[in-house]
Amino acid sequence: MNASIFNYLIGFLIISFSACDATSQVAKSKAPLANFADLETYTFEEVEKSADEWKSELSDLEFKVLREQGTERKFSGDLWDKKEEGVYTCRGCALPLFDSSTKFESGTGWPSFYIPKYANTVDEEKDSKFGMVRTEVHCARCKGHLGHVFDDGPAPTGLRYCMNSASMDFKGKGE
Ligand SMILES: [Zn+2]
């Protein structure tokens, strides 16, 4: 998990090119990182399935995004504009990933958060595809691709977790 924290720091040192959208209206934040060490951790066992098993459980789009690191079209998903209180979970394995209280309007057309709900349910990895250096974000349990994280988010972290609706489900408060 320390590798994740390392990646958060590296994120501030690299120039991230946003594939999500370069026209994000979010102001650059100079606020210090929130203390990720203060976040609770979540207990889980890893999930491993074959591509065929995933194909039988996911829609074509979900498979393409979660298992092949695809990206849904902006403003096409069902979660970017959701404003209800609740928790965003992994569509592959139901692991809780983000809380509605940390969601913000990024103007990108993808659901955007400034911090994960738990310190250990999302993992990050350097992604150099398409000639861009970005930080890829995936579910720590099933390794499903969720999106990317950029350093142009709002306070208190200055981070923008740009996720795909197809990678997540939403559980409203009390559900
Ligand atoms: Zn998962």
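Me: What makes up the chain, and in what order do its elements come?
Reply: The chain has three helices and nine strands, and from the N terminus on they run α-α-α-β-β-β-β-β-β-β-β-β. Of its 175 residues, 35% count as buried, and among contacts between residues at least 6 apart in sequence, 66% join residues at least 24 apart.

Me: How do you know which parts of the model to read with caution?
Reply: The chain averages a pLDDT of 86, and 80% of the residues score at least 70. Over residues 9-18, however, pLDDT stays under 50, and the model has 13 contacts beyond four places in sequence for them; over residues 21-32 pLDDT also stays under 50, with 23 such contacts. Where pLDDT is low, the predicted coordinates should not be read in detail.

Me: Why are strand 3 and strand 5 said to stand at the edges?
Reply: Six strands form an open sheet in the order 3-4-8-7-6-5, with antiparallel pairing. Strand 3 (103-104) and strand 5 (122-127) each have a single partner strand, so one side of each is left without a neighbour in the sheet.

Me: What makes strand 4 and strand 8 a pair?
Reply: Two strands pair if at least two bridges are found between them, and two bridges join strand 4 (residues 112-113) to strand 8 (residues 160-163), so the pair meets that cut-off. These two strands run antiparallel, and Phe 113 stands opposite Tyr 161 in strand 8.

Me: How do you know that strand 7 is paired with strand 6 and with strand 8?
Reply: Four bridges join strand 6 (residues 134-139) to strand 7, and strand 7 and strand 8 pair over four bridges, in the antiparallel sense, while the cut-off is at least two bridges. Strand 6 and strand 7 form a hairpin with five residues between them, and Lys 143 in the turn has a positive phi of about 65°.

Me: What makes strand 7 count as mostly covered?
Reply: Six of the six residues of strand 7 (residues 145-150) are buried, and to be buried a residue needs 20 or more other C-beta atoms within 10 Å of its own.

Me: Which residues of the largest nonpolar core touch the most other members?
Reply: The core has 23 residues, and those that touch the most other members are Leu 97, Cys 139, Tyr 161 and Met 163. The elements that give two or more residues to this core are strand 1 (86-90), strand 2 (96-99), strand 6, strand 7 and strand 8. Not counting residues up to four places away in sequence, Cys 139 touches several residues, among them Cys 90, Leu 97, Val 122 and Leu 146.

Me: Why are the buried residues of helix 3 said to line one face?
Reply: In helix 3 (residues 60-68), Glu 62, Val 65 and Leu 66 are buried. Seen down the axis of helix 3, these buried residues fall within an arc of 85°, so they line one face of the helix. On the other side, Asp 60 and Glu 68 are exposed, whereas what covers the buried residues of helix 3 includes strand 7. Gln 69, which follows helix 3, has a positive phi, near 55°.

Conventions:
Residues are numbered from 1 along each chain as its sequence is written. This is a predicted model: local features need pLDDT of at least 70, side-chain atom pairs count only at pLDDT 80 or more; totals for chains, interfaces and linings use all residues. pLDDT is the predictor's confidence in each residue, from 0 to 100. Two residues are in contact if their C-beta atoms, placed from the backbone, lie within 7 Å. A residue is buried if 20 or more other C-beta atoms lie within 10 Å of its own, exposed if 12 or fewer, and partly exposed in between; C-beta atoms are placed from the backbone. A nonpolar core is a set of buried Ala, Val, Leu, Ile, Met, Phe, Trp, Tyr and Cys residues joined through C-beta atoms within 7 Å. The arc is that of the directions from the helix axis to the C-beta atoms.
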